[in-house]
Amino acid sequence: MLRGSYWMAGWILCLALGAQAQTPSPPLTIVVPYPAGGPLDKSAHILATAAQGKLGAIKVDNKPGAGGNVGADLVAKAPAGGNLLLMGAVATHAVNPWLYKSFPYDPIKDFTPIALVARTPNVLVMSADQAKALNIHTTADLVKYLKAHPDQLKYGSGGNGSIGHIAGEMFKSLTNTRMPHTPFQGAGPALKALQEGGVSVVFDNLASSLPLIQSGKLKALGVTSLSNDGALPGVPSINSEVPGFNVSTWFGLFAPASLPADAAQKYAAAFSAAMGSPTVKDQFKKMGLDPEELTLGGFGAFVKSEHGKYGFLIKAAKIKID
């Protein structure tokens with residue numbers, strides 16, 4: 001009788017272990033901390049498709065809120081083995097930590113950097129019709145107009161503390177001009193207001209403004225990187241007319257800090273290979289993006305540098321979240 005009980009217990013244990021072994025682990029998920037349709041979301045979908053041959057099925061899950069903090073915090077606090085990655089950005093890891101009094105995560109300690117996906121300048125844009133009417137064709141023209149007509153042109157951004165906001169304040173400081181700021185709930189509404197005349201100037205992500213520039217609806221006055229960009233070869237850098245101006249957007253893949261080193265290396269290799277494929281390069285090019293090559297430690301050093309850089313800029317410009 002006792003032997004039969006042992007046999008029955010062993011059989012039940014085997015069934016339980018078999019059922020546990022057959023329980024699939026959750027698929028790898030890239031959390032995008034912004035609404036669907038933006039450059040980060042599109043890039044995440046492109047990479048999810050390109051890397052699935054090496055990593056299996058990959059989902060993309062949009063978790064917007066608080067300027068990207070909601071989605072980033074979800075990944076920062078994910079349990080070990082949760083199979084979550086974050087498409088983080090300059091906002092979530094270099095800008096936001098300096099803006100909020102009570103910040104939910106540590107952008108350096110709570111994450112394992114996997115791969116820098118892309119760097120892209122912002123672009124200083126106006127409505128093509130207004131630029132023509134005011135005879136503003138270059139950054140220098142805009143500065144000249146602002147000095148002659150202080151406070152008459154407003155600039156819009158995707159919100160207080162956004163890269164567009166920081167770029168605008170940096171521009172005013174370096175040119176000693178006055179231009180009131182109008183924040184919106186995202187870059188999309190800011191661009192819409194620009195086209196409708198609600199604001200006159202926007203420092204926008206090149207990837208999202210490029211189609212409107214190419215269609216002739218927007219006039220590009222300058223790009224915010226130190227040199228011009230291949231997507232807009234005829235548009236000079238703002239730095240060439242306003243020395244010292246340099247603000248760029250970047251985004252990349254992060255894992256929770258708990259991710260084992262071998263898994264981090266596996267993810268970095270898979271996504272690096274995906275970004276190097278001709279298909280992904282072509283898809284990124286159409287968005288005005290060039291895939292990057294920084295992974296793991298190199299990407300981590302870059303993030304730390306950017307974190308310090310924007311901390312200095314935000315304190316100098318006295319930018320705060322209301």
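Helices here are DSSP runs of H or I with at least four residues, strands are DSSP runs of E with at least two, and both are numbered from the N terminus. With that settled, let's start.

This is a predicted model, so local features need pLDDT of at least 70, side-chain atom pairs count only at pLDDT 80 or more, and totals for chains, interfaces and linings use all residues. Residues are numbered from 1 along each chain as its sequence is written, and side-chain values use heavy atoms, with hydrogens and water left out.

First, the overall picture. The chain holds 12 helices and 9 strands. Its C-alpha atoms fill a box of roughly 100 × 45 × 35 Å along the principal axes. There are 322 residues, and 48% of them count as buried. Buried means under 20% relative accessible area, exposed means over 50%, and partly exposed lies in between, with a 1.4 Å probe and protein chains only. Now contacts, meaning heavy atoms within 4.5 Å. Take those between residues at least 6 apart in sequence: 76% of them join residues at least 24 apart.

How confident is the predictor? The score is pLDDT, the confidence in each residue, from 0 to 100. The chain has a mean pLDDT of 88, and 92% of its residues reach 70 or more. One stretch to flag is residues 18–23. There pLDDT stays under 50, and the model has 0 contacts beyond four places in sequence. Where pLDDT is low, the predicted coordinates should not be read in detail.

Next, helix packing. Two packed helices are described by the angle between their axes and the distance between the axes. The axes are lines fitted to C-alpha atoms, for helices over the stretch in contact, and angles run from 0 to 180 degrees between N-to-C directions.

Look at helix H2, residues 39–55, and helix H11, residues 278–286. Their axes come within 10 Å and cross at roughly 170°. H2 and H11 are therefore roughly antiparallel to each other. The cut-offs are under 35 degrees for roughly parallel, over 145 for roughly antiparallel, 65 to 115 for roughly perpendicular, and oblique for the rest. Which residues of H2 and H11 make the contact? H2 brings Ser43, Ile46, Leu47 and Ala50, while H11 brings Val280, Gln283 and Phe284. Those residues divide into 5 nonpolar, 2 polar and no charged. For that count, Ala, Val, Leu, Ile, Met, Phe, Trp, Tyr, Cys and Pro are nonpolar, Asp, Glu, Lys and Arg are charged, and the others, Gly among them, are polar.

On to the second pair. Helix H7 covers residues 163–175, and helix H12 covers residues 296–317. They pack at an angle of about 60°, with axes 10 Å apart. H7 and H12 are therefore oblique to each other. From H7 come Ile163, Ile166, Glu169 and Met170; they meet Tyr310, Leu313, Ile314 and Ala317 in H12. This contact divides into 7 nonpolar residues, no polar and 1 charged.

Met170 comes up again. Leaving aside neighbours within four places in sequence, Gly244 is in contact with Met170, Leu174 and Asn239. Gly244 sits in the loop between strand S8 (218–223) and strand S9 (248–256). Gly244 is partly exposed, at 47% relative accessible area.

Now two loop residues with a positive phi. Asn176 has a phi of about 55° although it is not a glycine. Find Asn176 in the loop between H7 and strand S6 (181–183). Asn176 is exposed, with 64% relative accessible area. Asp151 is not a glycine either, and its phi is about 70°. Its place is the loop between helix H6 (139–148) and strand S5 (155–157). Is Asp151 buried, exposed or partly exposed? Partly exposed, at 38%. Not counting residues up to four places away in sequence, Asp151 touches Arg178, Met179 and Pro180.

Asn69 lies in helix H3, residues 69–76. At 5% relative accessibility, Asn69 counts as buried. Beyond its neighbours within four places, Asn69 is in contact with Asn96, Tyr100, Phe103 and Tyr105. Ala261 is in helix H10, residues 261–275. Ala261 counts as exposed, at 54%. Ala261 and Gly37 are 224 residues apart in sequence, and their C-alpha atoms are 32 Å apart in space.

Methods:
pLDDT = per-residue confidence, 0-100.
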